[in-house]
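Subject: Handover of the model and notes on its fold

Dear colleague,

I am passing on the structure we spoke about, together with my notes on it. Please have the model open while you read.

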Amino acid sequence: MMLPRELIHNNISLIAKPTAKIHYTFAAGKDLQHHTSTLVVFLNGLMSDKTSWLPVMSGVIRGRPESFPSLLAYDRYGQGLTGDRDPQDQGREGGYGHDVADVVKDLNQLIMQIAHDKMDKNPAQLQLIFVANSIGCAIARLYAQSYPGSVTALLLLDPMMASSNFDWWPDPDSEGFDPKELPSDVTVQVLREQRAKFAAMFAPSVVNKEGLDRRNLADLLPYSDRPPLVGKGDRQPLLVIVEHDPERFAHESLQVGSMSDLRSTRQS
C-alpha cells in the first residue's frame, strides 16, 4: 500500500535514554486553525507494531487531506522497527525488564519531544488524543492517570482487562465445579487443555519479545472503573470503548490455534 507523503518515518532518542533509538511515524497536521494543538497518538498492542496503524493514519489523511490533526505512531523498545532494547533493562531478570509504568514515562518524554521538535508546541498546550489497542489501552489509561489534565480523549479498541490474571475459564479443580454444566461437546480434558493454552499465551508472567514485564499490571491498574480520569480543564476526558466482535474473535482465534470455541463457558 502506498502511504501518503505526509507520513514521515524516523528515529528518535529520548533525552533520558540517549543510547537507544525509537522508530516512529509522524504526520504534521494541516488546517492549523482547527488542529493547531491536536496530537493523536496510536498505541500498539503486545502482538502488533505500529504498522498496524498505518492504514488508519493514511485513511485520516486521505479522508480530509486539507484538514487533519498531527498523527504519531511508534514502536516501543524491542518492538517492530525499534531494534534497540530499553537501556534500563540491563541487569534485570531475564525476560522481565521495564513495566507499563516505565512505558508511560517513555511515552510522556516522546510526546514532549515531538511537540517541541515537530509541532513547535509546549506539551501543556496539546489536545492529546489516544487511540489504543489491547495493552495499549492500559498504557493510555495509566498515562491519563499519571498525568492528570493532559489527555483530551481516549479511543480504546478491544481493551485488555488490566486487573485480571486472564484465568477466565471454569477451573475443574475448584470447589463446586460441576462438569454437567459444561456444553455437551466440551469435556473436562478439553477444558484443562484450553486453560493451559490460554495461560501460555496471555498470563501476565509470560515473557514477550519486547521485555515488557506485565506481572505488576494489576497493581498499577487494580480497578476497571476508578480512579476517575481528569482531562483538560479538570473535566473527564472523552472515553470511547470498542469491543472485539465476539464471533469474529472466535473465528480468528481458531485460525491461529490459540483456543477452542468455548465462549459459552466463559465465567461472568
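Predicted model: local features only at pLDDT ≥ 70, side-chain atom pairs only at ≥ 80, totals over all residues.

The strands form an open sheet of seven, in the order β1-β2-β4-β3-β5-β6-β7, and the pairing within it is mixed. At the edges stand β1 and β7 (238-242), each of which has a single partner strand, so that one side of each is left without a neighbour in the sheet. On average, and with direction ignored, neighbouring strands of this sheet are turned by 20° against each other.

Strands of a sheet pair through backbone hydrogen bonds, and they may do so in the parallel or the antiparallel sense.

For L39, the bridge partner in β4 is S70.

The two enclosed strands

In a regular strand the side chains alternate between the two faces of the sheet. For β3, T38, V40 and F42 point one way and L39, V41 and L43 the other, and all of them are buried. With six of its six residues buried, β3 is therefore largely enclosed by the rest of the structure. For β4, both faces are likewise covered, with S70, L72 and Y74 buried on one side and L71 and A73 buried on the other. Five of the five residues of β4 are buried, so this strand, too, is largely enclosed by the rest of the structure.

The helices

Helix α2 (residues 54-63) has L54, M57, S58 and I61 as buried residues. These residues cover an arc of only 100° around the axis, which puts them on the same side of α2. The cover over the buried residues of α2 includes β1 (8-14), β2 (17-27), β3 (38-43) and β4 (70-74). The helix lies across these four strands, β1, β2, β3 and β4, and runs at about 170° to β4.

Helix α3 also packs on the sheet, where it touches β1, β2, β3, β4 and β5 (127-134), and its direction makes about 120° with that of β1.

On the α3 side the contact is made by V100, A101, V103, V104, L107, N108 and I111, and on the α4 side by I135, I139, L142, Y143 and S146. By class, the residues of this contact divide into 10 nonpolar, two polar and no charged.

Q109 is placed in helix α3, and with a relative accessible area of 18% it is buried, the cut-off for buried being under 20%. Apart from neighbours within four places in sequence, Q109 is in contact with L14 and I15.

F68 is found in the loop between α2 and β4, and its relative accessibility of 0% makes it count as buried. Between F68 and F42 there are 26 residues of separation in sequence and 15 Å in space, C-alpha to C-alpha.

D158 lies in strand β6 (residues 151-159) and, at 29% relative accessibility, counts as partly exposed. D158 and V242 are 84 residues apart in sequence, yet 5.8 Å apart in space, C-alpha to C-alpha. When residues up to four places away in sequence are not counted, D158 touches N133, S134, V242, E243 and H244.

With best regards

How values were computed. Residues numbered from 1 in each chain as written. Heavy atoms only, no water. Buried < 20%, exposed > 50% of the residue type's maximum accessible area, 1.4 Å probe, protein only. Arc of directions from axis to C-beta. Contact = heavy atoms within 4.5 Å. Nonpolar A, V, L, I, M, F, W, Y, C, P; charged D, E, K, R; others polar. Pairing = 2+ DSSP bridges. Axes fitted to C-alpha atoms, helices over the stretch in contact; angles between N-to-C directions.
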